[in-house]
Amino acid sequence: MPELIKLENVTAGYDNGIVLRDVSLTVSNNDFIGVIGPNGGGKTTLIKLVLGLIKPISGTITRFDNQEGNFIGYLPQQSHIDRKFPITVRDIVLSGLMSAGKPLNRYSSKNKTQAFGLLEQMGIPHLANRTAGELSGGQLQRVFICRALISTPKLLILDEPNTFVDNRFEHEMYELLQEFNKRMAILIISHDVGTISYFVKTIACVNTYLHYHPSNIITEEQLAGYNCPLQIITHGDVPHTVLQKHDHGHDSEHNHSHQHPHTHE
Amino acid sequence: MAMILNTTTLTNTLILTNSMAGILSFDFVIHAVIAAFLASITCGFIGAYIVARRMVFISGGITHASFGGIGLGYFLGINPILGAAIFSILSAFGIRLVSKQTDIREDSAIGILWSFGMAVGIIFIYLTPGYAPNLMSYLFGSILTVTIADLSMMGILAAITIAVFLFFYRTILFISFDEEYARSHNAPVETFNYLMLTLVALVIVINIRVAGIILVISYLTIPQSTANLFVNDLKKIIFLSVLISFSGSCIGLLISYYWNIPSGATIIFVFVLIFMIARAIAYLRSSKQRNGSIAER
């Protein structure tokens, strides 16, 4: 399968220390990788490396990027957005087309039709002329998905996409992602391991080091060897891949972070 | 300065004896109206950007820091506006660099440069032998004494501002809305941030002649906040605030003639009055809508 991006022995961090050590990961066409791990474990840093927002301290990152336009579609966390910023939904979606080589941003009517088509696909064409501040968290999330998709990327990256989303749309979103996955690779960061393990094909556990699990089922034995402390939430109607919380070495006791009466014992 | 006050009083007395049509026969009145128009354009565009990006405080810092340049201009015998332009651009870049590269927080950096600029200005003016003419006009503005040279500078800046927005509107909009996302698309984020910061600094300095250091921030924020009560798209905020700004300036000018009060302060007073009326209208409209929707149920 053609490779899209390859990280080899990458170490990265900021002024105040190393966040990721010796990380290797290859993303190929049609991959659907769930990135899990504790807060501060380096999930967001991994995404920033893939996006080219930060440079690694050592190691190499290769992008097999030979297509025109934007190779990666990105759905950031909503927390850094100024919800009162005066911008229309249509302009937010079109902003997915901006690129370095095109400072004169004139959008063709084809682009505008494309933006409207995506909003229709997400079921929110009536919001096109609204502004960011008038939308609910779930609606804004759909708008951001449109922005990420408008450049027809080869790789879609989602950072905690379920944070501001209502339950109904969350389920719908995962189904949409599986549909998108036929056309593009997907990298999704989430706390909600129980749900994503049901949708993703493979799992990358990030906690300073990266452990790649070539399936969406992780057994307790595997986890024990990886030092992956996980926060597990399982849902009643989802086939259960119950993962356990692991404390790093100092404590051999296995704590179940989320007790689920039907799956344990 | 005493002389200026005398001529202003004299001209005001003259105006009071004339009709509306008579007012426009004075060259300086025509100049003032053109100045108000050009100030409304530059401040309408740049102010909308400042308000959207929440850069009001940094703009206040740039404005006051430029007083150091005015003092330096007097001391060296060069045009004070030239000195102010250098000081405002340097302080704008300084605030950004200091807050990005060091652990000093941005609002603290603004506070430091704000007062430092004022202090430098006061020291240089004190050291300048003789009497500093027009000093008060830099502090409070004097739209009635703008010269052809001032007007042409304002005109050039208005043309540059319009050109920048015409060519780069969407880039400016997208970078302002989500800087990190723009970076992930390799958009020239830093280049544009510095370009816009330069434009902000220049617009502030040029409009000091009209509104003065103490009042220029009003041209950059009040019409924009008023426009934002009714429209929510950056493009529309720009157009509406140019309109509000120009009509407010004209009303303010008229009142200041007839009541013989300072024009700069009167214009700001009118701006705030318009804002309050607009706020009341917006409130009534929304409460009517709310009542309407309750009645429907």
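## A bridge between two strands

Leu7(A) has Leu25(A) as its bridge partner, and Leu25(A) sits in strand 2 of chain A. The model described here is predicted.

That bridge belongs to a longer pairing. Strand 1 of chain A covers residues 3-14 and pairs with strand 2 of chain A through eight bridges. The sense of this pairing is antiparallel.

## The sheet and its helix

Three strands of chain A form an open sheet. Their order is 2-1-4, and the pairing is antiparallel. Strand 2 (17-28) and strand 4 (58-63) of chain A are the edge strands. Each has a single partner strand, so one side of each lacks a neighbour in the sheet. From one strand to the next, the twist averages 15°.

Helix 1 of chain A, residues 43-51, lies across strand 1, strand 2 and strand 4 of chain A. Helix 1 runs at about 125° to strand 1 of chain A.

## Where the chains meet

How many residues of chain B are in contact with chain A? The count is 23 residues of chain B, against 21 residues of chain A. On the chain B side, three helices each supply at least two residues: helix 8 (148-177), helix 9 (179-184) and helix 11 (234-259). Helix 8 of chain B gives the most, with seven residues.

By class, the side of chain B that touches chain A holds twelve nonpolar, six polar and five charged residues.

## A residue in helix 11

Ile251(B) lies in helix 11 of chain B. Is Ile251(B) buried or partly exposed? Burial takes 20 or more C-beta neighbours within 10 Å, and exposure 12 or fewer. Ile251(B) has 17 inside 10 Å, so Ile251(B) counts as partly exposed.

Ile251(B) and Ser40(B) are 211 residues apart along the chain. Their C-alpha atoms are separated by 13 Å.

## The largest nonpolar core

In soluble globular proteins, nonpolar side chains tend to be buried together. In this model, the largest nonpolar core has 145 residues. Which of them touch the most other members? They are Val93(A), Cys146(A), Leu155(A), Ile157(A) and Val200(B). Helix 10 of chain B, residues 189-228, gives this core its largest share, 22 residues.

Cys146(A) shows such contacts one by one. Leaving out residues up to four places away in sequence, Cys146(A) touches Val93(A), Ala115(A), Leu118(A), Leu119(A) and Met122(A). One of these partners, Val93(A), is also among the core residues that touch the most other members.

Definitions and conventions: Residues are numbered from 1 along each chain as its sequence is written. Chains are lettered from A and ligands numbered from 1 in the order in which they are written. This is a predicted model: local features need pLDDT of at least 70, side-chain atom pairs count only at pLDDT 80 or more; totals for chains, interfaces and linings use all residues. Two strands pair if DSSP finds at least two bridges between them. Helices (H or I, at least four residues) and strands (E, at least two) are DSSP runs, numbered from the N terminus. Axes are lines fitted to C-alpha atoms, for helices over the stretch in contact, and angles run from 0 to 180 degrees between N-to-C directions. Two residues are in contact if their C-beta atoms, placed from the backbone, lie within 7 Å. Ala, Val, Leu, Ile, Met, Phe, Trp, Tyr, Cys and Pro count as nonpolar, Asp, Glu, Lys and Arg as charged, and the others, Gly among them, as polar. A nonpolar core is a set of buried Ala, Val, Leu, Ile, Met, Phe, Trp, Tyr and Cys residues joined through C-beta atoms within 7 Å.
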